[in-house]
Amino acid sequence: MIKKVIELRTCIACRTHKHKSEFIRIVRDTNGNFSIDSRGKIQGHGAYLCKNLECLKRAKKSHGLDRAFKSKVDSTIYDAIESILQN
Ligand SMILES: [Zn+2]
């Protein structure tokens, strides 16, 4: 029997554990640039957020990304996530 590895991740806003495919992944690449990794292909340190506006708002308010990356994250990244969620 092959045991399948389930890669659970934690939302930075609500702390819910879910499969990584259910999250939006925000990545800091090796140059220190932040981007939204919609295909899960970007190398680097990632943070995960549920695909809903409520978690986005909560993360923005509590500076969830700042805490996840232990550095200042530009607020434009939250706007970028918002535009993805509204599509
Ligand atoms: Zn969440």
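User: Before I look at any detail, what is the mean pLDDT of the chain, and where is confidence lowest and highest?

Analyst: This is a predicted model, so confidence, on a scale from 0 to 100, is the place to begin. The mean pLDDT of the chain is 92, and 99% of its residues reach 70 or more. Among the elements, strand β4 (residues 34-37) has the lowest confidence, with a mean of 94, while helix α1 (residues 53-61) has the highest, at 98.

User: How many helices and strands are there, and in what order do the elements run?

Analyst: The chain holds 3 helices and 5 strands, and, read from the N terminus, the order is β-β-β-β-β-α-α-α.

User: Turning to α1, which of its residues are buried and which are exposed?

Analyst: Cys55, Leu56 and Ala59 are the buried residues in α1. Viewed down the helix axis, these buried residues fall within an arc of 105 degrees, and therefore they line one face of α1. Leu53, Glu54 and Lys61 lie on the other side of α1 and are exposed. As for their partners, the buried residues of α1 pack against β5 (45-50), α2 (64-69) and α3 (76-85).

User: How do the axes of α1 and α3 cross, and which residues meet there?

Analyst: Two packed helices are described by the angle between their axes and by the distance between those axes. Here the axes of α1 and α3 come within 10 Å and cross at roughly 175 degrees. Because an angle over 145 degrees counts as roughly antiparallel, α1 is roughly antiparallel to α3. At this contact, Leu53, Leu56 and Lys60 of α1 meet Tyr78, Ile81, Glu82 and Leu85 of α3.

User: Which residues other than glycine have a positive phi, and where are they placed?

Analyst: Histidine 63, which follows α1, has a positive phi near 55 degrees. Arginine 15 has a positive phi near 65 degrees, and its place is in the loop between β1 (8-10) and β2 (17-19). For lysine 70 the positive value is near 55 degrees, and this residue sits in the loop between α2 and α3.

User: Are arginine 15 and lysine 70 buried or exposed?

Analyst: The count of C-beta neighbours decides, and 12 or fewer means exposed. Arginine 15 has 8 such neighbours inside 10 Å and so counts as exposed; lysine 70, with 8 inside 10 Å, counts as exposed as well. The C-alpha atoms of arginine 15 and cysteine 50 are separated by 9.4 Å, although these residues are 35 apart along the chain.

Note on methods:
Residues numbered from 1 in each chain as written. Predicted model: local features only at pLDDT ≥ 70, side-chain atom pairs only at ≥ 80, totals over all residues. pLDDT = per-residue confidence, 0-100. Helix = DSSP H or I, 4+ residues; strand = E, 2+ residues; numbered from the N terminus. Buried ≥ 20, exposed ≤ 12 C-beta atoms within 10 Å, placed from the backbone. Arc of directions from axis to C-beta. Contact = placed C-beta atoms within 7 Å. Axes fitted to C-alpha atoms, helices over the stretch in contact; angles between N-to-C directions. Parallel < 35°, antiparallel > 145°, perpendicular 65-115°, else oblique.
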